[in-house]
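Subject: Structure for your review

Dear colleague,

Please find below the structure that I am handing over to you. I would be grateful if you could look through it alongside the notes that come after it.

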Amino acid sequence: MSTSVFIDVTVLHPTRKHPTIFDAFDNIPEGEAIVIHNDHDPKPLYYQLLGERGNSFSWVYLNNGPEIWEVEIRKNIKGVETIGEIAGKDMKKAMRLKELGIDFCCGGKRTLEEACLEKGLDVMRVKAELEETSKQPQGIELDFNSFTLSFLSDYIVNVHHTFVNQNLPVLEDLSKKVAEHHGNSMPFLINIYTKVRELRCELTSHMKKEEQILFPIIKQLENGGAVNIGFDSIVDPIYVMEKDHDIAGDLMKEIRMVAKDYAIPVSACNSVKMLYHKLIEFENDLFQHIHLENNILFPRAMKLEKLFKEVL
Ligand SMILES: [Fe+2]
Ligand SMILES: [Fe+2]
């Protein structure tokens, strides 16, 4: 794979920025990439591209600010799935990807090749492992792709939002307790407590936005087709929700890093052990929660809206 086009967006007239990038993207062959150079985060372009070209590209930051942003936009080779798509179709593969440390939630728009390259993993070996994993029997599996969008929204609220609402207060209390009791000898526990509080604040307001704004819009779309949703497109609120997911996902990664991958410290008491256990449990649930939204619910909702717009 090679990079074929470099576009310095800062020198283009504002009206020519997006059309130039779209033209360049449309004209590169599959597997090739364009690199855009900008003086601000071009994320709105990502959503415009996603809305108009679908899941046909990967988006990788080569430089992520604060002064310069450079993004490689690679056109997918047809038939090559993104890791979000792979995970969305098979939960066993999703779990194996997680074990390998491959983020298929917030980083689900990349191909397996790109994710393996970033992690220094042998892609052929990972592919073989995924195939092997998918053959293994597992308990009761839910086919989330067969759910209607309304049912999937309700499922997410009832299972995952309820889990967050029940467990985050417990996690905050527990992390506060261990920070107060052991913060002197293990200062990183104070850091964990601070991040758990941040996570609670972030997720509480995020879930409210999903329950009160986005999910009702998705249900309306599914039940009534094109309706007045108060936005130009459903892509707009989805963009906001995915940004929130990035923030929550980053916080969870930071907690894992501070906790040294949840290796129990030698001097840890039972409360610290319990905290680590609950954090791992919470991370697993959050991963599944964001996966269902980023890789299944949101792409299907955007696809449905596109379909309605084409018909009208
Ligand atoms: Fe959610
Ligand atoms: Fe969410």
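This is a predicted model: local features need pLDDT of at least 70, side-chain atom pairs count only at pLDDT 80 or more; totals for chains, interfaces and linings use all residues.

Domains

The protein is divided into three parts: domain 1 covers residues 3–75, domain 2 covers 83–135 and domain 3 covers 144–311. Between the centres of domain 2 and domain 3, taken over C-alpha atoms, the separation is 21 Å. Where these two domains meet, 10 residues of domain 2 are in contact with 10 residues of domain 3.

On the side of domain 2 that touches domain 3, helices α3 (83–89) and α4 (91–99) each supply at least two residues. The largest share of that side comes from α3, with 4 residues. By residue class, the side of domain 2 that touches domain 3 divides into 5 nonpolar, 3 polar and 2 charged residues.

A pair of helices

Helix α7 spans residues 149–182, and helix α8 spans residues 188–224. How do the axes of these two helices cross? They come within 9 Å and cross at roughly 170 degrees. Because angles over 145 degrees count as roughly antiparallel, α7 is roughly antiparallel to α8. The crossing of α7 and α8 is left-handed. The residues of the contact of α7 with α8 comprise 16 nonpolar, 6 polar and 7 charged.

With kind regards

How values were computed: Residues are numbered from 1 along each chain as its sequence is written. Chains are lettered from A and ligands numbered from 1 in the order in which they are written. Axes are lines fitted to C-alpha atoms, for helices over the stretch in contact, and angles run from 0 to 180 degrees between N-to-C directions. Angles under 35 degrees count as roughly parallel, over 145 as roughly antiparallel, 65 to 115 as roughly perpendicular and the rest as oblique. A crossing is left-handed if the near helix is turned anticlockwise from the far one by less than a right angle, and right-handed if clockwise. Ala, Val, Leu, Ile, Met, Phe, Trp, Tyr, Cys and Pro count as nonpolar, Asp, Glu, Lys and Arg as charged, and the others, Gly among them, as polar. Domain bounds come from an automatic or database domain assignment. Two residues are in contact if their C-beta atoms, placed from the backbone, lie within 7 Å.
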